[in-house]
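Let's take a friendly walk through the side-chain pairings of this protein. Have the sequence and the 3D view open as you read.

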Amino acid sequence: MRLWSLHPRHLDPKGLVALWREGLLARKVLHGGTRGYTRHPQLDRFQAHAQPQAAIDAYLSAVCDEADARGYAFARRPPAFSSGS
């Protein structure tokens with residue numbers, strides 16, 4: 001799982017797409033949609049936040065903003081995840 005601290009504008013196209021996919025996995029973990037990766041070190045900063053789910057959603061929104069600026073078609077609203085899915 002790669003969730004970089006730098007602004008997404010600094011990533012090449014492959015890096016931006018990889019960040020988006022990894023971010024969606026992190027979102028699924030933080031929303032309780034999977035039992036795997038729950039203790040991954042890249043999630044620490046989100047789990048330490050008062051509202052981890054809101055934090056990952058804001059992070060993904062910034063990634064999506066960069067994708068929009070580049071003319072990519074990332075889904076602005078990832079699917080909701082229910083516990084135990």
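How many salt bridges does a search of the whole structure find? The search finds three. Please keep in mind that this is a predicted model.

**Salt bridges**

Here are the pairs, with their N to O distances.

| R2 | E22 | 3.3 Å |

Start with R2 and E22, whose side chains meet in a salt bridge. This pair links distant parts of the chain, with R2 in the segment before helix 1 and E22 in helix 1, 20 residues apart. R2 is partly exposed, with a relative accessible area of 40%, whereas E22 is buried, at 17%. The two side chains also make a polar contact at 3.3 Å. Setting aside neighbours within four places in sequence, E22 is in contact with M1, R2 and L3.

R27 lies in helix 1 and D57 in helix 3, so their pairing ties together parts that are 30 residues apart in sequence. R27 counts as buried because its relative accessibility is 9%, under the 20% cut-off. D57, at 30%, counts as partly exposed.

R70 is partly exposed, with a relative accessible area of 25%, while E66, at 13%, counts as buried.

**Aromatic pairs**

Now to the rings: the structure holds three aromatic pairs. In one of them, the rings of W20 and F74 have their centres 5.0 Å apart and their planes at 25°, so the pair is stacked. W20 sits in helix 1 (residues 13-30) and F74 in the segment after helix 3 (52-69), so parts that are 54 residues apart in sequence are tied together. Are W20 and F74 buried or exposed? W20 is buried, and F74 is buried too.

F46 and Y59 form an edge-to-face pair, with 5.3 Å from centre to centre and 80° between the planes. F46 belongs to helix 2 (residues 44-47) and Y59 to helix 3, so this pair ties together parts that are 13 residues apart in sequence. F46 counts as buried at 6% relative accessibility, and Y59 counts as buried at 16%.

Finally, look at W20 again: ring pairs link W20, Y72 and F74 into a cluster.

Note on methods
Residues are numbered from 1 along each chain as its sequence is written. This is a predicted model: local features need pLDDT of at least 70, side-chain atom pairs count only at pLDDT 80 or more; totals for chains, interfaces and linings use all residues. Side-chain values use heavy atoms; hydrogens and water are left out. Rings of Phe, Tyr and Trp (its six-membered ring) pair if their centres lie within 6.5 Å; planes under 30 degrees apart count as stacked, over 60 as edge-to-face and the rest as tilted. Helices (H or I, at least four residues) and strands (E, at least two) are DSSP runs, numbered from the N terminus. Buried means under 20% relative accessible area, exposed over 50%, partly exposed in between (1.4 Å probe, protein chains only). A polar contact is a pair of N or O atoms within 3.5 Å; within protein, one must be able to donate a hydrogen and the other to accept it, and residues adjacent in sequence count only if both atoms are side-chain atoms. Contact means heavy atoms within 4.5 Å. A salt bridge is a side-chain nitrogen of Lys or Arg within 4 Å of a carboxyl oxygen of Asp or Glu.
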